[in-house]
Amino acid sequence: MTDRKLSVAAAINEALHIAMQTDPDVILLGEDVAGGGARDGDDVDEMGGVLGVTKGLVKAFPDRVLDTPISEMGIIGTAVGAAATGLRPVAELMFMDFLGTCLDPLLNQAAKLRYMFGGKARVPLTVRTVSGAGMQAAAQHSQSLYWITTGIPGLKTVIPSNPADAKGLLLSAIRDDNPVIFCEPKTVLYASGPVPEGDYEVPFGKAKIVREGSDVSLIAFGATVRVALQAAERLAADGTSAEVLDLRSLQPLDEEAILTTLAKTGSVVIVDEATPRCGIASDVAALCVDQGFDHLNTPVKRVTAPHCPVPFAKVLEDAYMPSAERVIAAVAELS
Amino acid sequence: MELKPDDLRLAYRHMRMIRLFEEKLSDLVQAGKLGGFLHLYAGEEAVAVGVCSQLQETDVVTSTHRGHGHCIAKGVEVPGMMAELFGRATGTCKGKGGSMHIADMDKGMLGANGIVGAGIPLATGAALTAKLKRTGNVAVAFFGDGASNQGQFHESLNMAANWQLPVVYVVENNGFGEFTPTEFVVPVRDIAERARSYAMRSEIADGMDFFDVAEKASKAIAAARAGEGPTLLECKTYRFMGHFVGDPLPYRHKEEAEDWIQNRDPLQGFERTVAERGLLSAGELRVIDGDVERELAAAVAAAEEAPLPSIDELLTDVYVETA
Ligand SMILES: Cc1ncc(C[n+]2csc(CCOP(=O)(O)OP(=O)(O)O)c2C)c(N)n1
């Protein structure tokens, strides 16, 4: 490993630089991904995206970083068409909530072209999108909607919990010949951690044990990995040994890793930032019961957001989001 | 259009309140007292106030992420708005909505909106209600130049023109969508031109001039009320502050911003015009300034003292509860 520490945002920026350097077909498009910087010969500097994640890229690749109008249906639809015909676009959907304004090109086009065309199309598209709560951004800028994209056959969905995975997963996403939704959880975006130098990929469908334990398995991904680790730390102080599995990739899903940790501990708590119905937590719980039943010593527990929109007030938002306290309470219910 | 002295006093009061409200919010965010995403309306006061000065309370407006000005202009109470921004139980939306979702159905304010362009079809729907239920109401959609690149804009205008709905589309062209200059992403010179695709009336107003906006809005609203269908009203304006609080503004020219701020301030323009026409005295305006300042200070103090929402509120209002 390396001592070099970067934020997730910086790791993503580095991955984009590498992807664009190594493949001339990679283009970046989205609202303000340059951000004013395209004013040629001007003293005006660029913002590099609303959160500054893509800063510097338009200077390095002026022809391949495209500021778009505020036209998500157009952006994502165009990216799908470009992907199907020879480019390898990375489209930015500023916040995942805006999925509502561009679902068709993902749901009915990107996800299905290859299948409908009898295997004759490929859509090497990456959609980067900021997901999740934690910034008091309220109901329309805080949702975790990866359960929607995960549920659509033909799309892949990945979600990093740390900078090293963010970089490697993004490079894999861009080089994958399928449409990939790359989620950037808000509370993870500025978390810093070691990031290897150079070009490397983190393969899809490979979960990672981020803490070993023997009494209970906490299954988490994205923003909830930190929550699960906090809970594990406190559980350890009380004599309960929790293992924490970071899924990293929701589709494909590492079923083997889930069933392995389940077999080891006999108890599973799934921690998911999204709403509870039809979600990843329910999906993983079903897998545990369906295929891991013989190893289960306790019921399978889910810690999720409640079935309601994301509230604005900080006290309500804090109560909305899964917390270490709620994970510990769920573990307590097992015994 | 007739503007009585009382109308002018109210208009000035609203414009001053918007300006001070936004300046206060900027301070409060920088002092770490407010969270969330805040987009401020300072500089664009003449648009919201010019248009709303011509509306009735039962008329409906839809707004944007930059919604505080539209709320104040439509008569939403400032103490409730301030409490909402503080995330308090006494807020206009019980602290559940925040800046991007302030709404007050009782005042015909169908919401700020976090989704760019989403208010446009909502106003179109409000106009459909007005038409089919013959309420005589008019709907107004406020939105930015950036939003006019959304499909929701084009689909709505087409429908409203086909159905001749009583709606006014007010595009606030402030020259930027976030950090991208409008001319980079809008190929027509004036957004008003887009009305022609829908055989719709259009008009361009000086969005820094309350009187020009009010005059042109008044005509469009009267036409809508008379059953003569929709208008696209483009107001040329400028935002004096960043896209959001904390925006370092590297992407726009300082001289350009200075010019608008120094020479085109809608409040100063209003003051000049009322003096020239002998409509209101400077003394009267200063009294209003003082009133507004006190009202705002009281709203902040009350919001800071107000109770937080109870955790039970998390699960209320998700559905209409049927007894
Ligand atoms: C559907 C959607 N896309 C993108 C955004 C992010 N966003 C918020 S405000 C904004 C710029 C809007 O520009 P404009 O409509 O001109 O209004 P202004 O901010 O200039 O008032 C953008 C892109 C959003 N909130 N919703």
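Helices α1 and α7 of chain A cross in a right-handed sense, where right-handed means that the near helix is turned clockwise from the far one by less than a right angle, and left-handed that it is turned anticlockwise. This comes from a predicted model, in which local features need pLDDT of at least 70 and side-chain atom pairs count only at pLDDT 80 or more, while totals for chains, interfaces and linings use all residues. Residues are numbered from 1 along each chain as its sequence is written, chains are lettered from A and ligands numbered from 1 in the order in which they are written, and side-chain values use heavy atoms, leaving out hydrogens and water.

The axes of α1(A), residues 8-22, and α7(A) come within 8 Å and cross at roughly 30°. The two helices therefore count as roughly parallel (angles under 35 degrees; over 145 is roughly antiparallel, 65 to 115 roughly perpendicular and the rest oblique). Axes here are lines fitted to C-alpha atoms, for helices over the stretch in contact, with angles from 0 to 180 degrees between N-to-C directions. Helices are DSSP runs of H or I with at least four residues, strands are runs of E with at least two, and both are numbered from the N terminus.

Lys167(A) deserves a look of its own. This lysine lies in α7(A), residues 163-175, and is buried at a relative accessible area of 0% (buried is under 20%, exposed over 50% and partly exposed in between, with a 1.4 Å probe and protein chains only). Leaving aside residues up to four places away in sequence, Lys167(A) touches residues including Arg4(A), Glu14(A), Glu197(A) and Tyr200(A).

The axes of α4(B), residues 78-85, and α11(B), residues 282-305, come within 8 Å and cross at roughly 45°, so the pair is oblique. This crossing is right-handed. Val78(B), Pro79(B), Met82(B) and Ala83(B) of α4(B) meet Leu296(B), Ala299(B), Val300(B) and Ala303(B) of α11(B), a set of eight nonpolar, no polar and no charged residues.

Turning to the cysteines, the count over all chains is zero disulfides, a disulfide being a pair of cysteine sulfur atoms within 2.5 Å. The sulfur of Cys278(A) is too far for a bond, because the closest cysteine sulfur, in Cys308(A), is 16 Å away. Cys278(A) is exposed at 60% relative accessibility. Cys235(B) is likewise in no disulfide, with the sulfur of Cys52(B) nearest at 11 Å, but Cys235(B) is buried at 0%.

Some backbone details round out the picture. Most residues other than glycine have a negative phi, and most peptide bonds are trans. Gln251(A) and Pro252(A) are joined by a cis peptide bond with omega of about 5°, and Pro252(A) sits in the loop between β12 (249-251) and α10 (255-265) of chain A. Ala138(A), not a glycine, has a positive phi of about 70°; Ala138(A) is in the loop between β5 (126-131) and α6 (146-150) of chain A and is buried at 2% relative accessibility. Asp317(B) also has a positive phi, near 70°, and lies in the segment after α11 of chain B, where Asp317(B) is partly exposed at 48%.

Notes. Contact = heavy atoms within 4.5 Å. Nonpolar A, V, L, I, M, F, W, Y, C, P; charged D, E, K, R; others polar.
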